[in-house]
Every structure is written in C-alpha cells, then in structure tokens.
Amino acid sequence: MKLYAINTGHFKLDGGAMFGVVPKSIWNKSNPADQNNMCSWALRCLLIEDGNRLILIDNGMGNKQDEKFFGYYYLHGNDTLQKSLNKYGFEMDDITDMVLTHLHFDHCGGSIKYNSNKTNLEPAFKNAKYYCNEKHWNWATQANSREKASFLKENILPIKESGQLNFIDSQSTLITDLSFIEVNGHTEGMMLPIIKYKESTLAYMADLIPSVGHLPIPFVMGYDVRPLETLKEKELILKTALDNDWTLFFEHDPTIECIKLERTEKGIRAKNNFLLSSF
C-alpha cells in the first residue's frame, strides 16, 4: 500500500465560523485572518494505492461553480485535483473507488463535472464506485435549513443518477487495511477513514478536527449541527489516537498534513508535524 496527499487548492472561510465560540484573540494566533476576517484553509484529500485499487478520499470543491460562488470562497493556489493526481502518475479515470466522508461542497464538489459541451453534469471519475454513508445521503438530499447551502444538488444527485452510488457504514471494509468510524456531531453520518499503514495507523480527520488549531476540545466549528456531540467525539478520538500512537491527517490545515500526539498540561496536543510523504 502507498498513500499520497492530494492537494486540490486552498479556499477561505470566516474565522469566527470555523472556531465557533472561541474568541478571535485566541484562534487568530494559529490561523491569522485577513481584513475580512477570512482564514485560508487547505482542500487536502488522500489517495490510497493498494494493488490494482486506487481509492480517493474526498475530492475538494471542484471547479464547475460560477464566479459568484467562488467570490464567496476565494479558491486560490496553484494546486488542483488533476495536477496532484498527475504528479504521482495517475489520471482521473484511474480512480476505482471514490470515498466521500460527507457531502458538504468542499469535500465532494470534485465528484461531478460538466461534459465536454458543458451541457450536462457527469461523474468526474467514470470508472469509480462512489461511496457515502446512507444516513448521511438521506440527510444531505433532504437538507435542513442550517446546512442547505453546503449541500449542492449538482454535486450530489448526479452520483445516484449515474448508477455509481454505493453505501458504507462503520462495518464496511473496502480493502483489508481500510475501516471507518462514524461521527455525527459535524453532520449526520460523517465517515472517518482509518488506515493501517506501515505497521502504524493513520486517521483521516475530515471535519471532526479540521486543523491542528482545532485540537483543543472546546474548539468546535460554528458549522457543526451537534456541537456537544462533537466535543464527545473529539475527546474519544484523541484519546484513542494517543493511546494507540495513531497519526492524524488533516484535510483543512493550511500547512500541516500529519501529526503525532502527546499529553500536556493543557490536554492532548501535537507532538510533532510532518508530511505524509515522510511517514
């Protein structure tokens, strides 16, 4: 097995929304905001190469939205999904399995693209099976008012229409060394991939702990639908990761890909950080 960090660019979100009730005077030290209170965040995905399987976990926000949309989220940087795959010698059509931790636009927007004539939407990974938690699929396709702006039908519905949609849960195992933990604080039925790798374990944090700056237990995003549940889930995951010497992989940290943990007077914190390629 080989793992690759797939960088699809950076985007901006309001710092206050990203840190909830935590004062700006605290979070601004680790994630400095611009003059509009916006912080830059990575759109970092993970590619698993296992034999003849190429499993991609999340795919960023894509590029099919209009200028107005990108005016809200400021997609920036030189990285794209295509360029990052090409860097390792892969093409979009090589992906065999597309795992979606959840269906917020910044995690699944690359799932769907326009056809060559820009007349219809179609799967960006024509040879892949797409995987999502069934509870979450139902949650996203019958979106509540709080999350509706994050669940874009053009990112979601064409997956099912293509016949490529499959469902997974915490009992699913796509390959021997890949399993999943279901969490429900950020959104219903978000899946955290857990990968056994090089006699160790790597945990993909998705939006449970989007960055190193979110390691403190009370640092919970304003986007979370059940923040008190997130508190419990973070505490359990961090304890499990520390006790078992897991590596955490961050989807949104602007600069840090991976960390190991240690216990400090302030709680569980990053012991060190490193690139996935040096794992």
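Visitor: Where do we start?
Guide: With a pair of strands. This is a predicted model. Strand β10, residues 190-197, and strand β11, residues 200-204, run antiparallel and are joined by 4 bridges.

Visitor: What stands opposite lysine 196?
Guide: Threonine 201, in β11.

Visitor: What order do the strands of the open sheet have?
Guide: The order is β9-β10-β11-β12-β13-β14. That makes 6 strands, with mixed pairing.

Visitor: Which strands stand at the edges?
Guide: β9 (178-183) and β14 (267-274). Each has a single partner strand, so one side of each has no neighbour in the sheet. From one strand to the next, the twist averages 35°.

Visitor: What does helix α8 touch in the sheet?
Guide: Helix α8, residues 227-243, packs on the sheet and touches β9, β10, β12, β13 and β14. Its direction makes about 95° with that of β13.

Visitor: Which α8 residues are buried?
Guide: Thr230, Glu233, Lys234, Ile237, Leu238 and Ala241. Seen down the axis of α8, the buried residues fall within an arc of 125°, so they line one face. Their cover includes β9, β10, β12, β13 and β14.

Visitor: And what does the face turned away carry?
Guide: Exposed residues: Leu228, Lys232, Glu235 and Leu236.

Visitor: New topic. How far apart are the end C-alpha atoms of α8?
Guide: 24 Å. At 1.5 Å a residue, its 17 residues should span 24 Å, so the two agree.

Visitor: What follows α8?
Guide: Aspartate 245 follows α8, and its phi is positive, near 55°.

Notes: Residues are numbered from 1 along each chain as its sequence is written. This is a predicted model: local features need pLDDT of at least 70, side-chain atom pairs count only at pLDDT 80 or more; totals for chains, interfaces and linings use all residues. Side-chain values use heavy atoms; hydrogens and water are left out. Two strands pair if DSSP finds at least two bridges between them. Helices (H or I, at least four residues) and strands (E, at least two) are DSSP runs, numbered from the N terminus. Axes are lines fitted to C-alpha atoms, for helices over the stretch in contact, and angles run from 0 to 180 degrees between N-to-C directions. Contact means heavy atoms within 4.5 Å. The expected span of a helix is 1.5 Å times one less than its number of residues. Buried means under 20% relative accessible area, exposed over 50%, partly exposed in between (1.4 Å probe, protein chains only). The arc is that of the directions from the helix axis to the C-beta atoms.
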